[in-house]
Amino acid sequence: MNASPGASARAARLERLFHLLERRILLLDGAMGTRLQRLALDEQDFRGARFLDSDRPQRGNYDILTLTQPQLVAAVHREYLEAGADVIRTNTFLANAPSQSPFGMAHVVHELNLEAARLARSIADAHEEESGRAVFVAGVVGPTDRAVSLTKGTDTADARGVSFDELVRAHADAVRGLVHGGADLILIETVFDAANARAALEAARKVFIELGYELPLAVSLTPCDDDGRIRSGETPGEVWEAIRDAKPLIVGLNCGSSPRALIACVPELARVAEDAFVCVYPSAGLPDAAGNYPATPHDLAEEMRALAARGVINIAGGCCGTTPGHIRALRAALSGEPGGTAMLSSRGACGIRAARGRRCRRDPASDPGSTAGGI
Ligand SMILES: [Zn+2]
């Protein structure tokens, strides 16, 4: 099944990832967008030489920086690895056709994903070489600004709606680039609509069938109220029901209005998603008018330490407004945590078995194109 030259290296990296997940809390990186925002780049910086003649403004298109200012993106990856992150995320939050269309950049979506994954991979490999520490690349599939659930009504065929199939095609283009660029896993993050998450999972499934191998999948929801409901009104339990047949290895929560508000939603998700590893990466709160985020590294680390002590998390990191200082504080706070050893023995075990090829992610009888056992 794995005839491609990179197959054994990929399999070895994944085995190291599973080994670590079974033993300790892994650290994700912090925010990419807010690190780049603080550089106060101007229109010319975003365009670089390549898109000098673009007829649309590019300022604010942080994903295009992978092509026009890759050294800036690389520097952010490096500072998080130096802070202790085990997993870095690609700069691809908006690297999908619906999000790039307003910038006139839908035609470079595949390249944005491919190059962002290659860049993260090269920085991770260099760090691994220097430090001897295993580090991983999560290929990010971000949300689009359009929701599948909005197309259900009769009068919602506006710019905010998108069909399921359209979204599958858009995400498949992105996932293909991420996998070809060397991502170790695919992270579908900031999920605000279960149908959108299902479209991204379906896109990944199609790409894995095309390629003849699978990468582990992670899905992270962004609650927008204290009940943990996402923007579509679904609870974490309802979202899990909608996506569980895709057997994500990791499920989690990210962003939110504060670390405390996000963390309050974790136990319920951990309870329903009993076969998945749990990932939590809160924002540093909501920014003030000057763009300052209220939660300090110490604040975030203390909240996460209390959560870790309950044995419900396997991966911790930061979302909007977090910095290498936040990741360093998390490392100090969580390095001694067992990560809920009792839970780790069963949590995620099903997903790891499937990823190790010992069990099918899907029923092969009902899916002749299944790539089960491909890793
Ligand atoms: Zn965020």
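This is a predicted model: local features need pLDDT of at least 70, side-chain atom pairs count only at pLDDT 80 or more; totals for chains, interfaces and linings use all residues.
Residues are numbered from 1 along each chain as its sequence is written, and helices (H or I, at least four residues) and strands (E, at least two) are DSSP runs numbered from the N terminus.

The mean pLDDT of the protein chain, where pLDDT is the predictor's confidence in each residue from 0 to 100, is 87, and 84% of the residues reach 70 or more. Over residues 339–345 the pLDDT is below 50, and this stretch has twelve contacts in the model beyond near neighbours in sequence, a contact being two residues whose C-beta atoms, placed from the backbone, lie within 7 Å. Residues 359–375 also have pLDDT below 50, with 34 contacts beyond near neighbours in sequence.

Helix H8 covers residues 164–180, and because its 17 residues should span 24 Å at 1.5 Å a residue, the 24 Å between its end C-alpha atoms agrees with expectation; the expected span is 1.5 Å times one less than the number of residues. The buried residues of H8 include Leu167, Val168, Ala170, His171 and Ala172, where buried means that 20 or more other C-beta atoms lie within 10 Å of the residue's own, exposed that 12 or fewer do, and partly exposed in between, with C-beta atoms placed from the backbone. These buried residues pack against helix H6 (97–100), helix H7 (109–131), strand S3 (136–141), strand S4 (185–191) and helix H9 (194–211). After H8 comes glycine 182, whose phi is positive, near 105°.

| Pair | Angle | Axis distance |
|---|---|---|
| H7 and H8 | about 30° | 7 Å |
| H8 and H9 | roughly 50° | within 7 Å |
| H5 and H7 | about 40° | 10 Å |

The angle makes H7 roughly parallel to H8, given that angles under 35 degrees count as roughly parallel, over 145 as roughly antiparallel, 65 to 115 as roughly perpendicular and the rest as oblique. The contact between them involves Val109, His110, Glu111, Asn113, Leu114 and Ala117 of H7 together with Asp173, Ala174, Arg176, Gly177, Leu178 and His180 of H8.

H8 and H9 are therefore oblique to each other, and H8 passes H9 in a right-handed crossing. Among the H8 residues that meet H9 are Phe164, Leu167 and Val168, while their counterparts in H9 include Ala195, Asn196 and Ala199. H9 has 18 residues, of which 13 are buried, and it reaches 26 Å from its first C-alpha to its last, close to the 26 Å expected. Just after H9, glycine 212 takes a positive phi of about 85°.

Helix H5 (residues 70–83) is oblique to H7 and passes H7 in a right-handed crossing, with Pro70, Val73, Ala74, His77, Arg78 and Leu81 in H5 meeting Leu119, Ala120, Ile123 and His127 in H7.

Elsewhere, arginine 23 is found in the loop between helix H1 (7–21) and strand S1 (26–27), and it counts as exposed because it has 12 C-beta neighbours inside 10 Å. Arginine 23 and asparagine 314 are 291 residues apart in sequence, yet their C-alpha atoms are 9.1 Å apart in space.

Key
Axes are lines fitted to C-alpha atoms, for helices over the stretch in contact, and angles run from 0 to 180 degrees between N-to-C directions. A crossing is left-handed if the near helix is turned anticlockwise from the far one by less than a right angle, and right-handed if clockwise.
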